[in-house]
Every structure is written in structure tokens, then in C-alpha cells.
Amino acid sequence: MDDGARWDAVEEAVELLREREYSAAERERDGVLSRDPANADAWHYTGVLHFERAEFARAVESYREALRLAPRYLGAAVGLGHALRMDGKIDEAIRAGERAIEVARGLEGGGEDGDAHWLLALCYSQKGKPDRAIRHAEAFLATNPEVEAQADAKALIETLQGMARPLQPVN
């Protein structure tokens with residue numbers, strides 16, 4: 001089965017996942033994997049499903065399976081990093097983020113991947129390495145993310161630089 005057909009097979013499950021219809025998405029995904037257990041997209045979105053349910057160890061397993069099947073699957077590499085981070089495995093999350101950056105640079109037309117840099121910014125912030133966190137947050141900003149994400153990155157940078165001030169009450 002080619003990549004296009006594999007994506008088509010998971011499209012309904014992905015839509016259900018976006019609508020937060022987790023049980024229906026899971027049933028749809030189960031059908032896809034029963035027909036094609038080597039569908040990396042299905043494993044990736046299984047990771048997303050588990051992540052959304054805060055089942056981080058299970059998300060890690062699913063993302064790893066997606067990467068076993070498709071080692072250059074950028075979304076799975078980033079997802080793996082976030083699941084590891086949320087599971088408290090910061091050093092492993094950093095390795096996943098670094099792998100995601102390597103994958104992005106190696107893709108056709110490759111360059112910097114903002115999501116991988118954001119993952120690393122959060123990891124290094126949690127690890128107490130503000131200089132590295134700021135560097136990755138700035139690299140994330142250089143990819144021109146959505147306005148809300150820009151605000152989060154700028155707030156992280158200000159906090160790490162000690163510039164953040166407590167909010168003042170509004171009367």
C-alpha cells in the first residue's frame with residue numbers, strides 16, 4: 001500500500017480525533033490497523049489519541065512504532081518528544097527533539113522545524129537550561145508560528161530572562 005492510500009485510510013479517524021470524538025476515532029483506527037498494521041499514520045494518530053487522553057507512556061509506544069515503520073516521520077518524532085516530556089523523561093525528550101530537527105533538515109526542501117524547536121525550548125526550560133531554551137524559542141519564533149504560539153514563546157523567553165512581571169489586578 002502506498003503512502004497516499006495509507007493516509008486516505010486514516011483520514012476519517014483523524015477527523016474524529018480533531019472533533020474530540022475519541023471513542024469513535026479509536027474504533028476507526030482499530031479498523032485501519034487490523035487491515036494494515038504497518039500504517040505509520042495510524043500509529044502516529046494513535047499516539048495523538050493517547051496524548052490527548054494524558055496516556056503519555058502509551059503515546060510514547062505508539063509514536064515509537066510510527067517511527068519504526070517510517071524513521072523520517074517528522075510529526076511522530078515531535079509527538080514522541082512531547083509525550084516523553086509529559087511523562088517526565090526530559091533527556092529522552094531532548095534526544096527526540098534533536099532527531100526531529102535532523103529529520104526536518106534532511107527532508108526535501110528541508111529546513112528548520114518550528115515544532116521541534118518549541119519542544120526543545122520547553123525541555124531545556126524544564127531542565128533549568130535557560131540559554132538553550134531561549135535559543136530554541138527564538139528559532140521557533142523565526143519560523144513565523146501562529147500569533148498565539150508567538151505569544152507563548154515570547155512569554156517563555158521573558159520569563160527565562162527574568163523580565164516577566166506579575167500581573168497587576170484590574171479594577
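A: Asn144 lies in the loop between H8 and H9, two helices in the sense of DSSP runs of H or I of at least four residues, numbered from the N terminus. The model is predicted, so local features need pLDDT of at least 70 and side-chain atom pairs count only at pLDDT 80 or more, while totals for chains, interfaces and linings use all residues. Residues are numbered from 1 along each chain as its sequence is written, and side-chain values use heavy atoms, with hydrogens and water left out.

Phi of Asn144 is near 60°, a positive value in a residue other than glycine. Asn144 counts as exposed because its relative accessibility is 61%; exposed means over 50% relative accessible area, buried under 20%, and partly exposed in between, with a 1.4 Å probe and protein chains only.

Helix H8 covers residues 130–141. Its twelve residues should span 16 Å at 1.5 Å a residue, and the end C-alpha atoms are 16 Å apart, which agrees. The expected span is 1.5 Å times one less than the number of residues.

Which residues of H8 are buried? They are Ala133, Ile134, His136, Ala137 and Phe140. These residues cover an arc of only 170° around the axis, so they sit on the same side of H8; the arc is taken from the directions from the helix axis to the C-beta atoms. An α-helix has 3.6 residues a turn, so residues three or four places apart point the same way. The buried residues of H8 pack against helix H6 (90–106), helix H7 (114–126) and helix H9 (147–160), where contact means heavy atoms within 4.5 Å.

Ala54 counts as partly exposed because its relative accessibility is 48%.

H3 (40–52) also supplies at least two residues of the lining of the largest cavity, as do helix H1 (3–18) and helix H2 (22–35). A cavity is a set of points on a 1 Å grid over the protein atoms alone where a 1.4 Å probe fits but cannot get out, and lining residues have an atom within 4 Å of a point. The largest share of the lining, five residues, comes from H3. The volume of this cavity is about 60 Å³, counted as the space filled by probe spheres set on the points, which are joined across faces, edges and corners.

How values were computed: On a 1 Å grid over the protein atoms alone, a cavity is a set of points where a 1.4 Å probe fits but cannot get out, and a pocket is an open set with protein on both sides within 12 Å along at least five of seven lines; lining residues have an atom within 4 Å of a point.
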